[in-house]
Amino acid sequence: MFLEKFRITDKMGIHARPATKLVQTANKFKSNIYLGFEETQVNMKSITGIMTLGIANGMIVELWQKGG
């Protein structure tokens, strides 16, 4: 398992277009990839999950992977 933290620098945050790119990239892997913000974590293979986080510019998110 790995864990990385990222600060969102896009002035619009994570909206539909970057969320779609995240899902497309996550779906290339067999492992489960998660995106976390504050106390919430979602599977990055779910655009609905990513969009519900409401991540704005300047926020710090965590990214981690489980499985192989």
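Reader: How do the residues of the lining of the largest pocket divide into nonpolar, polar and charged?

Author: This is a predicted model, and what follows is computed from its atoms. The largest pocket has a volume of about 220 Å³, and of the 15 residues that line this pocket, the closest to its centre include F6, L22 and M44. Elements that give two or more residues to this lining include the helix α1 (16–26) and the strand β4 (60–66). Sorted by kind, the residues of the lining come to 12 nonpolar, 3 polar and no charged.

Reader: Which residue is the bridge partner of F37 in β3?

Author: The strands β2 and β3, the latter made of residues 40–43, pair in the antiparallel sense over 4 bridges. They form a hairpin with 2 residues between them, and in the turn E38 has a positive phi of about 55°. In β3, the residue that bridges to F37 is T40.

Reader: Which side chain meets E62 in a salt bridge?

Author: The count of salt bridges comes to 1, with a distance of 3.6 Å from N to O. The pair links distant parts of the chain, 57 residues apart, with one partner in strand β4 and the other in strand β1. The side chain that meets E62 is that of K5.

Methods:
Residues are numbered from 1 along each chain as its sequence is written. This is a predicted model: local features need pLDDT of at least 70, side-chain atom pairs count only at pLDDT 80 or more; totals for chains, interfaces and linings use all residues. Side-chain values use heavy atoms; hydrogens and water are left out. On a 1 Å grid over the protein atoms alone, a cavity is a set of points where a 1.4 Å probe fits but cannot get out, and a pocket is an open set with protein on both sides within 12 Å along at least five of seven lines; lining residues have an atom within 4 Å of a point. Grid points are joined across faces, edges and corners, and a volume is the space filled by probe spheres set on the points. Ala, Val, Leu, Ile, Met, Phe, Trp, Tyr, Cys and Pro count as nonpolar, Asp, Glu, Lys and Arg as charged, and the others, Gly among them, as polar. Two strands pair if DSSP finds at least two bridges between them. A salt bridge is a side-chain nitrogen of Lys or Arg within 4 Å of a carboxyl oxygen of Asp or Glu.
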